[in-house]
Amino acid sequence: MAFKRLNYKLLIFFFSFLTYSTFSQEVNVEAGKTLFKNQCASCHNKDMKSKMTGPALGGVQDRWDDQADLYEWIRNSQGMIAAGHPRAVELWNEWKPTVMNSFPNLTDEDIANILGYVDFQLAGGDQPNGGGLVVDECAVPTAAEDSNRLMYVFLFAVLALLALILTRIISQLNHINQVKETGIAPEKKTLAEALTSRSTISFAIFLAIVVGGYITVQNATNLGRQQGYQPEQPINFSHIIHACEHKIDCNYCHDGARRSKHAVIPAANTCMNCHKAIKNGSRYGTQELTKIYASVGFDPNTDKYIENYEDLSEEDIKKIYTRWISNQAIENGASVEEAQELELNQWDGIVEALTNPDAGDNMIAGPIEWVRIHNLPDHVYFNHSQHVSVGKIECQQCHGKIEQMAVVKQYSPLSMGWCINCHRQSEVKFADNGYYQNYYENYHKEIENLDRSGVTVEDIGGTECQKCHY
């Protein structure tokens, strides 16, 4: 019996070890940067040295004697002030009546990542000519999931090996114990017999039921969702080039996001505002831009739109754009043979991108058929302008680091639970926002009296069913 209890304790120990190993990890500066931008940047200066609406955050960990108190302050500053914590009261006296937002949903890992980013920025960080490491904001982030998955597989293999070793040790100890108690040496079980024993098989069946049930529920929950969906588009449009390198505001192209329900896919005429002058792309040269020209009937050879473009034959259209492709290639140092090969390859790409024989469309002229990525069920109402213009939500909060995506993918699950959690966490921004003033009048006394630290979207009806389903 003693060895059985030992067996159970060892199992509990290794499950605890597995849990700890799974969730413990080093500070992630990139994750801290995202959290800082979304949660802290509206009040605290990015250089961590200068004051803004809130104090400079550089060296904040040194100004708190107890790190647990600092974490509690970040989550619920008003609660600590009300409780009379000396450091909290000191900060309140220095900065009142400015109330710090509460972040009860930030985990210890999230806060550690934010503080890690604060230290990184203080040392120079990704500031221009900074003294620390230089972060390329336009660099595509490395996929941490694959490395984590490899780590988990390795960890599981190590634990499985240790489990086998412990099984043999426990079997040997049980054998010795039986010899001492009975004076008879029973036949030792082989490893194969131990693994095929009744208890082992029962545990394996139980584990299979639990894992199978979990996978079934997860797949059922995710049915119809397409988080991570990243289809190829007819034109290789890179947000890295436009949104990150050239700092084009999202609302310039997706103009509907700030004034209507839909963000809208920009028409090719929006592209032409710039690319009537910029005719060679920094990544693909003429390869992708010529697709836009062919779509709208713009002749880059003459800088004019082609009259009666839709009446031209495909052969006439081909002559216009292959001449442009060839001339540009030769100007860039290509030989005549290389230019001819390039124009044929690029023309094939134009035909493939702008025609859809499956739908009976063999016309090159016409709108570009982008592949839709983000879809909501028909019974769900969502308004972009309400979130962008009124709620002041950054595009990245729902769409991820879109400025670092060469090919756009769906970042968020767009599930009801995901939306509701956001409404429960997001605080209403009353400043310079007349839409919310009526709500502010109802809540400002509670905020002034420290009865409430802030007002979330849920407080003003953001989780009522009819807000999204009516």
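Biologist: At what angle do helix H13 and helix H15 pack?

Modeller: This is a predicted model, in which local features need pLDDT of at least 70, side-chain atom pairs count only at pLDDT 80 or more, and totals for chains, interfaces and linings use all residues. Residues are numbered from 1 along each chain as its sequence is written, and side-chain values use heavy atoms, with hydrogens and water left out. Helices are DSSP runs (H or I, at least four residues) numbered from the N terminus, and axes are lines fitted to C-alpha atoms over the stretch in contact, with angles from 0 to 180 degrees between N-to-C directions. For H13 (residues 289–296) and H15 (residues 336–354), the axes lie 10 Å apart and the angle is about 55 degrees.

Biologist: Which residues of H15 make the contact with H13?

Modeller: Contact means heavy atoms within 4.5 Å. On the H13 side, the contact is made by Thr290, Lys291, Ala294 and Ser295. Their partners in H15 are Gln346, Gly349, Ile350, Ala353 and Leu354.

Biologist: How far apart are the axes of H2 and H6?

Modeller: Residues of H2 that meet H6 include Val29, Leu35 and Phe36, and those on the H6 side include Ile114, Tyr117 and Phe120. H2 and H6 pack at an angle of about 95 degrees, and their axes are 7 Å apart.

Biologist: Which residues outside its sequence neighbourhood is Ile74 in contact with?

Modeller: Neighbours within four places in sequence are left aside here. The contacts of Ile74 are then Met100, Asn101, Ser102, Phe103, Leu106 and Ile111.

How values were computed. Helices (H or I, at least four residues) and strands (E, at least two) are DSSP runs, numbered from the N terminus.
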